[in-house]
Amino acid sequence: MSGFALIDGNNFYVSCERVFQPKLEGRPVVVLSNNDGCAVARSAEVKALGVKMGAPWFQMQALARQHGIVALSSNYELYADLSNRMMAILATFSPDQEIYSIDECFLGLTGFEKHDLAAYGQAIRQQVRQCVGIPVCVGFAATKTLAKLANHCAKKDLSGYDGVCDFGRLSESERAHLFANIPVGEVWGVGRQLSRQLAERGIATVEALRTTDAKTLRREFSVVLERTQSELNGVSCLAMEAVLANKQQIMSSRSFGHYVYDLEPLGEAIASYIAIAAAKLRRQGSLAGMVQVFIRTNPHKMDGPQYQRGLNIPLPEPTDDTLRLTKIARWGLKKIYRDGFAYQKAGVALMNLCDARTGQLDLFSKSKNNTRLMQAMDHINQTWGRGTVHSAAEGVCKEWKMKREKKSPGYTTRWDELPLAR
């Protein structure tokens, strides 16, 4: 009996772009990484042309001209907003939800024994498409690993259903036949390297993994793979996680749109990255006890001098104050900066995180508490868009910003970029 559902947005970034640009439906579309470098999302039409994930955009130019491929810069703010809307809709279909990634979530199905899950899956797809505009596929199964596999079958239409696959409807012989035709690399948690190692031992399909001696898997690989096998056989080993654990480290880094040589623009970049990381820190209710700052040149540019340096700075007391963290990070940058280099990337990391309710403070600290100021900044930026209010240290022109020349508007995240009905 099915205990889980896995819902996954189809070609999520591309689908987000198509919500507000219907003219892109049916056309080959790629979404590019930072600085418009590589393909991080591909429409089905692009995949059919043989374009691989991570393919550099400059290598696709001839193919793009030949087939009319539309390239777009990553619009992360839009994708995050549509993801939140999609997850809110999905939460209405079950009291138990685990958000696994920006475009995936599990639903617990305890008490759904009498439901027609195939029909329920179609209702989920219809509701998300109607309310958010994102096409999704749904997989139902007794375990989370099987639900992920069922979702894969729904996407590939291996089950005979339109975007929905319920393994509970299949007989044992039907499942065995289906699994015998699915590569073992499609199993959740079995990566490329492990797939090769399994294939070398004759375990090339899901069915082969499911029927291999469990003790052999544990002895030659790991207890984790043995647990995966149990999940494939319908024994649930992975429970729902209703609340995601807080991150133990928050990092913010970017490659620059062009090389940066001077300390001042590097300082602006570091201040901007600290602001992003600190906002995430406050959202999860944590304080940082250490700040890491790093800068580097382009390791692939062999005809120029190379330099890479990072610095960890312990804090006298943990904090989530953007202004204090900015001051500390810029101090660290001055310590590691060296003149005469073409810097390609910089970043920060907030480390040694602790719960804001239990963080150990310094009785003799003279540091100013900016809690209300941070709350006001977060509220304004959440309402009007990130960066509406920021510290002067972040600069104004930001010529170092990453290149996003093909970015679509912030249709749902900026008032001045709302879509217009004509």
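Visitor: What makes the link between the side chains of asparagine 298 and tyrosine 259 a polar contact?
Guide: A polar contact is a pair of N or O atoms within 3.5 Å, where within protein one atom must be able to donate a hydrogen and the other to accept it, and residues adjacent in sequence count only if both atoms are side-chain atoms. The side chains of asparagine 298 and tyrosine 259 are paired at 3.1 Å, so the value falls within the 3.5 Å limit. This is a predicted model, in which local features need pLDDT of at least 70 and side-chain atom pairs count only at pLDDT 80 or more, while totals for chains, interfaces and linings use all residues. Residues are numbered from 1 along each chain as its sequence is written, and side-chain values use heavy atoms, with hydrogens and water left out.

Visitor: How do you know how far α1 is enclosed by the rest of the structure?
Guide: Seven of the nine residues of α1 are buried, which means that this helix is largely enclosed by the rest of the structure. The buried residues are Phe12, Tyr13, Val14, Ser15, Cys16, Glu17 and Arg18, and their cover includes β1 (4-9), β2, β3, α2 (44-48), β4 and α4 (76-90). Helix α1 (residues 12-20) lies across β2, β3 and β4 and runs at about 110° to β2, an angle taken from 0 to 180 degrees between N-to-C directions, with axes fitted to C-alpha atoms and, for helices, over the stretch in contact.

Visitor: What makes β2, β3 and β4 a sheet, and in which order do these strands stand?
Guide: Two strands pair if DSSP finds at least two bridges between them. Strand β2 (residues 29-32) is joined by four bridges to β4, and the two run parallel, whereas three bridges join β2 to β3, which run antiparallel. Both counts reach the required two, so both are pairs, and the result is an open sheet in the order β3-β2-β4 with mixed pairing. The edges are β3 (39-42) and β4 (70-73), each with a single partner strand, so one side of each is left without a neighbour in the sheet. Direction ignored, neighbouring strands of this sheet are turned by 30° against each other on average.

Visitor: What is the order of the open sheet of five strands?
Guide: Its order is β5-β6-β1-β7-β8, with mixed pairing, and the edge strands β5 (97-101) and β8 (164-166) each pair on one side only. Six bridges join β1 to strand β7 (residues 136-141), running antiparallel, and the bridge partner of isoleucine 7 in β7 is valine 138.

Visitor: Why can the radius of gyration of this chain be said to agree with that of a compact globule?
Guide: The radius is taken over C-alpha atoms, and the globule rule is 2.2 Å times the number of residues to the power 0.38. For 422 residues a compact globule would have a radius near 22 Å, and the chain has 24 Å, which agrees. Of these 422 residues, 47% count as buried.

How values were computed:
Contact = heavy atoms within 4.5 Å. Buried < 20%, exposed > 50% of the residue type's maximum accessible area, 1.4 Å probe, protein only.
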